[in-house]
Amino acid sequence: MDTESTYSGYSYYSGRSRGSHRHGERSRDRHKSRSKDSRSEKSVTINTPPAEPLLGDTAVRGEQVQDDNWGETTTAITGTSEHSLSQEDIVRITKDLEDSVGLDCRRYFTRTLAIILGLLVFLTPLAFLVLPHILWPDKLQSCGTACEGLFISVAFKLLILLLAVWALFFRPARAGLPRVYVFRALLAVLVLLFVISYWLFYGVRILDSQDENYQGIVQYAVSLVDALLFIHYLAIVLLELRQLQPCYSVCVTRSTDGETRHYNLGQLSIQRAALAIIEHYYCDFPVHNPALLSASKSRAAKHLAGLKVYNVDAGPGNNAAAGIAHSQSRAMIAAAARRRDTSHNELYYEEAEHERRVRKRRARLVVAVEEAFTHIKRMQEEEQKKAPGDVMDPREAAQAIFPSMARALQKYLRTTKQQHCHSMESIQQHLAFCITNNMTPKAFLESYLTPGPTVQYSRDFWRARQWTLISEASVTSGLKDGTIFLLKCVDFSLVVTSKKIPYIQMSEEYIDPKSHKFVLRLQSETSV
Amino acid sequence: MSFVPGQPVTAVVERVEIQKLQQGKNLILGFSIGGGIDQDPRQNPFSEDKSDKGIYVTRISPKGPADLAGLKMGDKIMHVNGWDMTMVTRDQARKKLTKKSEDVVRLLVTRKSLEEAVKHSKCSYPKH
């Protein structure tokens, strides 16, 4: 049976159907602010006008599926093509542009600063070595062998420094954090101060007095490069090594459906911890599917829908209004508690029915896919040379066998409310990929049967790359025991709490290997 | 007292009647048993045949009801109140002995000295 029965006590939000209304399905979109473009960021805001539920309930209470107000309350969104832009999209695009320009400015600014600092650092030792030759070449002592040996050492140390800086700092930026990266800023300031102090010393003691001892100058340059290498060591320790040792266990919960994961983090600032958590989120959490949450929202709406509060005492007084609202809500709570509610029954049976339906569709899907895969066979090298007729590349092979499983797959996706995650194109691409790599039907189906991590889906499905960090403590302060912060994205938020890993006191106990001795147990007796 | 599988067991038995003594909440008999089909028969110090899995008396508390009734250490219990004890687990034997509804147990026990006594008595009266 394709049709989903609609004669229980509440309305359904069926999966979005692209294009036409199917005969058995009624989509009752009473919420006008829902966007239907699959590529846009989906904001599911439920604005339930207070008068509506009563109307909706009286319409549904009979066996009649289509209510009288269907024409007025349904928004005609299913008629849009994929390329139209709604008002929402325009607002979103302009917002994106503004944000990206702002962030890029900041990124370029930091990048130029870093390049300037790098150039300064590298050219300083060379300048120290070259300037005496330019300014007072006649007074300068000639460079002996020890001095020339130092040239080699300066050259190689500079080379090592160059490679090390390239390895540590010249990596593509992962993210734009809200505040400045404290350790990097500190290191930059330290390097700058260091180089400035060396220049000051050089300027005063060597340039002004025109020192002739060239070996001393070369040794001075060598000491500068050594110190720079040590600063680089400090940079490695502060930026990379310090957070490796796990110190805190953070618990990350998605606010909409309660998915929870636990991670171990080291000593990090809150913004860096948030970045690490977001990167884990994309790999570990199953993809966020708002279609699965609609049932509980409709149940919640139904709880309050049956009660309406009438204010019998028509008293105008502003200061009584707050008290009236408070007592109204209390009265509603009391009435709801007293009402004999059978919604748990409906939930139980509906869930059992859904489970059964999903299993049936899944069985059909598995059989259809297995049968489809038997229709194609990989050609061996020798056969390819012999019979060049009717040979297909993977894409064509995928297109050839796709129609036989398309219907079962589409029905399954619709039942599990995943149909907006996978487009026809992406399914065919995945099929071609599986065929190329000799994967079995089960391997092909794996990405459809279980909701995978967000990373697995197509790039435009990575809904939010714009995350907001909401925290009471300053985001550059370190993680502490009991830190709580929120990572908000458009559809949901991640609630993060951290706990310190306790100090572990371990003691040892030595067991002599020769002390393992055994005897047979004597026959025991029972006293009566 | 030897036990040949498949053949009926014959033994000379003595009937011992023990009155249970009320001690606190329990009715006690004053002896300990060992053996049983679920135990290792080679550990039994009292059995002649080390494959004998019967129930043996391993300890008698002095001046207890069993001691007064004439039970000796090393006796093999054959019957308890009519229930067979030659092919039971130790727990089953304990249960049959410690039934709360009975305050008298009548045991049929056998020991080597009985056999010898009978043999001796058989020999000392030559048939004419």
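Modeller: A polar contact is a pair of N or O atoms within 3.5 Å. Keep that in mind for this predicted model.

Colleague: Which backbone oxygen does the side chain of Asn289(A) reach?

Modeller: That of Lys417(A), at 2.9 Å. Asn289(A) also has contacts with Thr416(A), Gln418(A) and His420(A), leaving aside neighbours within four places in sequence.

Colleague: Where does Asn289(A) lie? Is the residue buried or exposed?

Modeller: Asn289(A) sits in the loop between helix H7 (270–284) and helix H8 (294–305) of chain A. Buried means under 20% relative accessible area. Asn289(A) has 8%, so this residue is buried.

Colleague: Now the core. How many residues has the largest nonpolar core?

Modeller: The count is 34. Phe128(A), Phe194(A), Tyr214(A) and Val218(A) have the most contacts inside this core. Helices H3 (87–135), H4 (145–169), H5 (182–207) and H6 (214–241) of chain A each give two or more residues. H6(A) supplies the largest share, 13 residues.

Colleague: Which residues does Tyr214(A) touch?

Modeller: Among them are Leu129(A), Pro132(A), His133(A), Cys147(A) and Phe151(A), not counting residues up to four places away in sequence.

Colleague: And the sheet: in what order do the strands run?

Modeller: Two strands pair if DSSP finds at least two bridges between them. Here 5 strands of chain A form an open sheet, S2-S1-S5-S4-S3, with antiparallel pairing. S2 (260–265) and S3 (468–471) stand at the edges with a single partner strand each, so one side of each has no neighbour in the sheet. The twist averages 25° from one strand to the next.

Colleague: How many bridges join S1 and S5 of chain A?

Modeller: S1 (248–254) and S5 (493–500) pair over 7 bridges. Val252(A) stands opposite Val496(A) in S5(A).

Technical notes
Residues are numbered from 1 along each chain as its sequence is written. Chains are lettered from A and ligands numbered from 1 in the order in which they are written. This is a predicted model: local features need pLDDT of at least 70, side-chain atom pairs count only at pLDDT 80 or more; totals for chains, interfaces and linings use all residues. Side-chain values use heavy atoms; hydrogens and water are left out. A nonpolar core is a set of buried Ala, Val, Leu, Ile, Met, Phe, Trp, Tyr and Cys residues joined through side-chain atoms within 4.5 Å. Buried means under 20% relative accessible area, exposed over 50%, partly exposed in between (1.4 Å probe, protein chains only). Helices (H or I, at least four residues) and strands (E, at least two) are DSSP runs, numbered from the N terminus. Contact means heavy atoms within 4.5 Å. A polar contact is a pair of N or O atoms within 3.5 Å; within protein, one must be able to donate a hydrogen and the other to accept it, and residues adjacent in sequence count only if both atoms are side-chain atoms. Axes are lines fitted to C-alpha atoms, for helices over the stretch in contact, and angles run from 0 to 180 degrees between N-to-C directions.
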